[in-house]
Amino acid sequence: MKLKEIEAFDAFMKHGTTKAAADALAISQSMVSRLLSGLEEELGFALFKRSRNQLAPTEEAFLYHASVLRLMASIRDTQKDAEAISNNQLGSVVVAAQPIFCDTFLLDVIKRFKERHPKVGVRVVDAGLQELLKMIDNNTCDVALGITLEADTYGASVTRLARCSARCIMHRDHELAADAVVPIANLQNQTFVELMADSPLRARVDYIMQTIDIKRHIAAELRHMRGVCALVDRGVGIAVIDPIAELLLHGTAVVSKPLEPAIEWEMALLKSKSRPLSKVADAFCEEILREIDTLKGVGILKPLAS
């Protein structure tokens with residue numbers, strides 16, 4: 001059966017005559033009659049009793065119309081959904097991100113995105129670097145946010161966002177807190193709170209310490225930077241952190257210092273090469289870019305090297 005036949009039947013049942021149905025649909029009365037006859041033929045049972053060129057609905061017509069009403073409501077919902085998708089107001093976005101991003105600036109990104117797109121669902125997956133890259137390869141996320149400490153090819157479309165420079169944090173009463181800059185050599189024999197060994201930043205810190213023969217005592221290892229900062233606040237040790245983690249230090253007794261020489265890497269936005277982004281995912285990426293510009297403005301992130 002054709003949608004036009006269903007629409008003609010619905011209009012007739014609502015308005016009572018073929019003429020009124022024709023006026024409602026802006027088609028001819030004869031076209032309404034042909035559409036109703038076609039629908040009856042396809043259904044295989046009589047919808048109307050015909051008398052002197054007048055139609056009267058059968059009991060079956062009333063039963064069938066109840067089903068048609070549900071169908072028409074569904075069609076209207078589908079049309080509304082199409083309009084909402086066109087206007088970036090329906091759908092969902094799946095974002096994979098390293099834990100520090102989930103705990104900090106992504107929260108502001110999501111807030112502003114939801115203000116502009118209230119009916120769009122957002123799911124954020126806390127993922128380590130390898131898991132994040134796997135999700136991009138498997139198309140199980142729309143976009144991913146990660147840090148790159150090596151110039152690897154990820155099999156993804158990579159947009160470089162900003163330059164990051166590691167910070168050394170310590171309790172404000174720590175002996176290193178008085179220094180404007182912390183030379184890496186001064187970390188000799190210090191007590192550290194560290195990320196787990198599979199963290200890219202931890203791997204880089206381990207490599208540098210081994211290269212220049214710096215010995216350090218590791219008091220605790222945690223998966224998330226939030227826990228690292230919390231233990232530093234409690235005086236358990238010092239830590240080398242992603243600069244984004246400075247957003248976690250407000251209201252704490254932790255101070256942050258630059259390292260010398262600097263430990264640097266880039267933050268990147270990753271997308272699948274094999275699947276185009278939806279409009280809502282594109283809109284989410286735009287919010288990310290705006291937030292990155294804000295973080296550059298306050299000095300937490302640095303512009304990309306030319």
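Visitor: Is E287 buried or exposed?

Guide: Start with the rule. Buried means under 20% relative accessible area, exposed means over 50%, and partly exposed lies in between, using a 1.4 Å probe and protein chains only. E287 has a relative accessible area of 1%, so E287 is buried. This is a predicted model, where local features need pLDDT of at least 70, side-chain atom pairs count only at pLDDT 80 or more, and totals for chains, interfaces and linings use all residues. Residues are numbered from 1 along each chain as its sequence is written, and side-chain values use heavy atoms, leaving out hydrogens and water.

Visitor: Where does E287 lie, and which residues is E287 in contact with?

Guide: Helices (H or I, at least four residues) and strands (E, at least two) are DSSP runs, numbered from the N terminus. E287 lies in helix α10, residues 279-297. Contact means heavy atoms within 4.5 Å. Setting aside neighbours within four places in sequence, E287 is in contact with V109, R112, F113 and R116.

Visitor: Which side chains make a polar contact with the side chain of E246?

Guide: A polar contact is a pair of N or O atoms within 3.5 Å; within protein, one must be able to donate a hydrogen and the other to accept it, and residues adjacent in sequence count only if both atoms are side-chain atoms. The side chain of E246 has such a contact with R167, at 3.1 Å. Another joins it to the side chain of S256, at 2.5 Å. E246 is found in the loop between β11 (239-241) and β12 (254-260). Its relative accessibility is 18%, so E246 counts as buried.

Visitor: In what order do the four strands of the open sheet stand?

Guide: Two strands pair if DSSP finds at least two bridges between them. The order here is β8-β12-β7-β11, with mixed pairing. β8 (182-183) and β11 stand at the edges with a single partner strand each, so one side of each has no neighbour in the sheet. β8 and β12 run parallel, joined by two bridges. V182 stands opposite L259 in β12.
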